[in-house]
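Have the model open as you read.

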Amino acid sequence: MKAPFFSLLKKICLLCFTSVLISCATIKVEDYEITQFPVDNQIRIVHVSDFHSNDFGKDESKLVRRILDARPDVIFFTGDTFEYNRKKNKTTENVKKLLKGIKGSATFYYVTGNHEYFYYHNDDYAYIIKEYGGTVLRNETAILELKQGIIEITGLDDPFADMTLDERALETDNKEKYLARLKLVSENAMKIKASYKDNPDFAFSVLLAHRPEYINEYLKYDYDLILSGHAHGGQWRFPPFINGLYAPMQGFFPKYAGGRYDFSENGTVFIVSRGLSYQVPDIPRFFNPPELVVIEVK
């Protein structure tokens, strides 16, 4: 009786191990559809989060192909695009390869995550984004005029922007400074949004903010769509029972590990990307493949 049992156990372990390997090697495209915003025609958004300077084929071809296949009107990078801890200049070179591959396909915007601030000055990274035609939003609002409608885009710098290098090494946030900055930036964004209230071409407003754990603070302002990352999908998932096992700043069984969250009281749609990184951290993803988010607003 023992031999068949252990044989079965081996097969189960092998299956689990294989699942981990497949999850680490395959990009999943997660599609969301939003129908409550007033747009004349479909607007396609690609949401890239937590790339962490990872490897996705030669010249990032696997990821580039999926982004281009989505035919985006706009691309949003919501932090941890760069990973300070990659070897052989991959910190910047892999991002350059990705940006080179998508350059000219759509307008794109970038905000920082905490990993853009570990032991480095973020301006080094911002220069690369601008070099490839992107817009860096550091606590500011931009207006994108598409033929389908006007989008207001607000980008919020990561909480680490308010801290010293020693404070960042402790991996704790200065919540007071971050919320004060959020208030200032959002009040300005709402004034700009109000100026479009009589414009029939205005479609919706977007907040790009790396950290999902602050969603209750973001909801104090009238953003239509909020995009975040950071949680890496809880790293280990056991769908449909557990959406994520652990996420930084949220702890075990995080509420906002990844997915779509609708807040009916104010009509806000909140989408948290499970992120693309499978090489950082060293803990493998489990039933949680690297994710590229595609949003259709129509």
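## Ground rules

Buried means under 20% relative accessible area, exposed means over 50%, and partly exposed lies in between (1.4 Å probe, protein chains only). Helices (H or I, at least four residues) and strands (E, at least two) are DSSP runs, numbered from the N terminus.

This is a predicted model, in which local features need pLDDT of at least 70 and side-chain atom pairs count only at pLDDT 80 or more, while totals for chains, interfaces and linings use all residues. Residues are numbered from 1 along each chain as its sequence is written, and side-chain values use heavy atoms, with hydrogens and water left out.

## The sheet

Six strands form an open sheet with mixed pairing, in the order E6-E7-E8-E9-E13-E12. Strands E6 (140–146) and E12 (259–263) stand at its edges with a single partner strand each, so one side of each has no neighbour in the sheet. From one strand to the next, the twist averages 20 degrees. Strands count as paired if DSSP finds at least two bridges between them.

Leu-227 of E9 stands opposite Leu-208 and opposite Ile-271 in E13. Ile-226 has Phe-270 of E13 as its bridge partner.

Which residues cover the two faces of E9? Leu-225 and Leu-227 lie on one side, Ile-226 and Ser-228 on the other, and all are buried.

Terms used: Axes fitted to C-alpha atoms, helices over the stretch in contact; angles between N-to-C directions.
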